[in-house]
Amino acid sequence: MKHLIDRLYETSTLTAAEYRELIDNRTPELAEYLFEKARDVRIRHYGHDVYLRGLIEFTNHCKNDCYYCGIRRSNCQAERYRLTKEQILECCAVGYELGFRTFVLQGGEDGYYTDEKMVDIIRAIKAKYPDCAITLSIGEKSYDSYKAFFDAGADRYLLRHETANVEHYGKLHPKNLSLENRKQCLYNLKEIGYQVGCGFMVGSPYQTTDCLVDDLLFIQELKPHMVGIGPFIPHHATPFAGFSGGTLELTLFLLGIIRLMLPTVLLPATTALGTIHPRGRELGILAGANVVMPNLSPRSVRPKYMLYDNKICTGDEAAECRQCMQRRIESIGYRVVVSRGDHKSFQKKD
Ligand code: 5AD
Ligand code: FES
């Protein structure tokens with residue numbers, strides 16, 4: 001199997017059959033070999049720098065009903081909230097002081113925030129923090145809405161594709177949602193000029209190796225600037241409450257593969273990874289990740305943005321998470337940098 005990793009390292013591509021072989025025949029020894037190669041590639045492009053993103057979870061209202069997600073419309077146990085523009089700006093102010101230069105506005109698909117409201121929020125953040133990047137993570141919108149947000153100053157957009165296998169997509173989502181539209185959104189975002197992130201959950205219900213191979217092939221085709229992956233973690237008040245979660249081991253292995261496929265990709269060690277293992281995010285960095293996304297949401301709303309059970313950092317202040325992340329990153333010989341942390345292809349040459 002090492003020969004496949006060597007080839008992936010040299011050419012950044014494998015065939016579907018080879019990805020399947022690699023995933024199905026993985027061993028701890030092979031994983032260690034993969035992670036060494038992944039670190040080699042990431043260090044070549046980004047050194048030991050780890051980029052910070054301040055995550056602002058500004059609404060947990062959602063019109064969708066994804067079977068895996070704790071803030072799905074049908075979860076009537078969820079206590080709903082929305083942040084005002086002033087509250088969002090206050091999160092940015094706290095974040096800026098702590099050295100954040102990217103703010104991620106994430107929320108459910110909430111019709112309350114019309115395009116006009118979003119444009120107003122984006123403009124206000126950009127006016128106050130012109131040296132910061134804005135990442136949006138607010139779901140499927142029309143081409144024109146994406147364009148309006150981009151023109152208002154949004155730089156990046158995260159929209160996980162969730163699974164690139166059509167049948168699997170249908171098992172995770174109600175019928176009104178389609179993989180086709182999801183993919184179209186991602187292509188639209190790229191065309192408009194965003195730095196774009198797709199991604200998927202590892203170990204979601206009904207996922208097979210073939211699904212994962214489809215995910216990798218889709219990533220190879222889209223060539224995103226960012227890829228967000230984390231383990232599926234069951235939420236008690238969803239239809240998937242009874243399923244088991246994804247593993248640390250498979251998530252790390254996939255992080256390593258994705259680093260070799262897209263050598264300059266922005267790859268977060270996600271909160272979900274930190275939730276299933278006390279050192280999950282550090283292990284993610286050591287498998288090839290180069291981004292962490294500490295929470296900047298006001299502490300009062302954090303327990304309400306529960307996509308899955310036992311989410312970490314719901315009781316901590318932003319400053320605590322910032323310090324905690326710094327300690328964690330330094331403990332493995334990497335360093336947190338104060339920077340927008342753009343994708344290499346978007347970094348200004350001077
Ligand atoms: N476990 C892990 N990740 C989840 N997400 C939603 N629900 C869960 C869950 N139960 C992820 C989805 C979504 C992102 C914001 O959070 O992939 O795109
Ligand atoms: Fe939030 Fe460690 S990152 S407490």
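The shell around ligand 1 holds 8 nonpolar, 1 polar and 2 charged residues. The model is predicted.

Me: Which residues surround ligand 1?
Reply: The count by class is 8 nonpolar, 1 polar and 2 charged. Arg160 and Glu162 are in the list, and Arg and Glu count as charged.

Me: What percentage of the area of ligand 1 does the protein bury?
Reply: Backbone atoms take part around the ligand. A polar backbone atom of tyrosine 68 sits 3.0 Å from a ligand nitrogen. For isoleucine 233, a backbone N or O atom is 2.7 Å from a nitrogen atom of ligand 1. Taken alone, ligand 1 exposes 400 Å², and the protein buries a share of 88%.

Me: Why is H1 oblique to H10?
Reply: Helix H1 spans residues 2–11 and helix H10 spans 248–261. Their axes are 7 Å apart. Angles under 35 degrees count as roughly parallel, and 65 to 115 as roughly perpendicular. H1 is oblique to H10 because their packing angle is about 40 degrees.

Me: Which residues of H1 and H10 make the contact?
Reply: By class, the contact has 6 nonpolar, no polar and no charged residues. H10 supplies Ile257, Leu260 and Met261. H1 supplies Ile5, Leu8 and Tyr9.

Me: Where is lysine 223, with phi near 50 degrees?
Reply: That phi is positive, in a residue other than glycine. Helix H9 covers 209–222 and strand E7 covers 226–231. Lysine 223 is in the loop between H9 and E7.

Technical notes. Residues are numbered from 1 along each chain as its sequence is written. Chains are lettered from A and ligands numbered from 1 in the order in which they are written. This is a predicted model: local features need pLDDT of at least 70, side-chain atom pairs count only at pLDDT 80 or more; totals for chains, interfaces and linings use all residues. Side-chain values use heavy atoms; hydrogens and water are left out. A residue is near a molecule or strand if one of its heavy atoms lies within 4 Å of it. A polar contact is a pair of N or O atoms within 3.5 Å; within protein, one must be able to donate a hydrogen and the other to accept it, and residues adjacent in sequence count only if both atoms are side-chain atoms. Accessible areas come from the Shrake-Rupley method with a 1.4 Å probe; for residues, only the protein chains shown count as cover. Axes are lines fitted to C-alpha atoms, for helices over the stretch in contact, and angles run from 0 to 180 degrees between N-to-C directions. Helices (H or I, at least four residues) and strands (E, at least two) are DSSP runs, numbered from the N terminus. Angles under 35 degrees count as roughly parallel, over 145 as roughly antiparallel, 65 to 115 as roughly perpendicular and the rest as oblique. Contact means heavy atoms within 4.5 Å.
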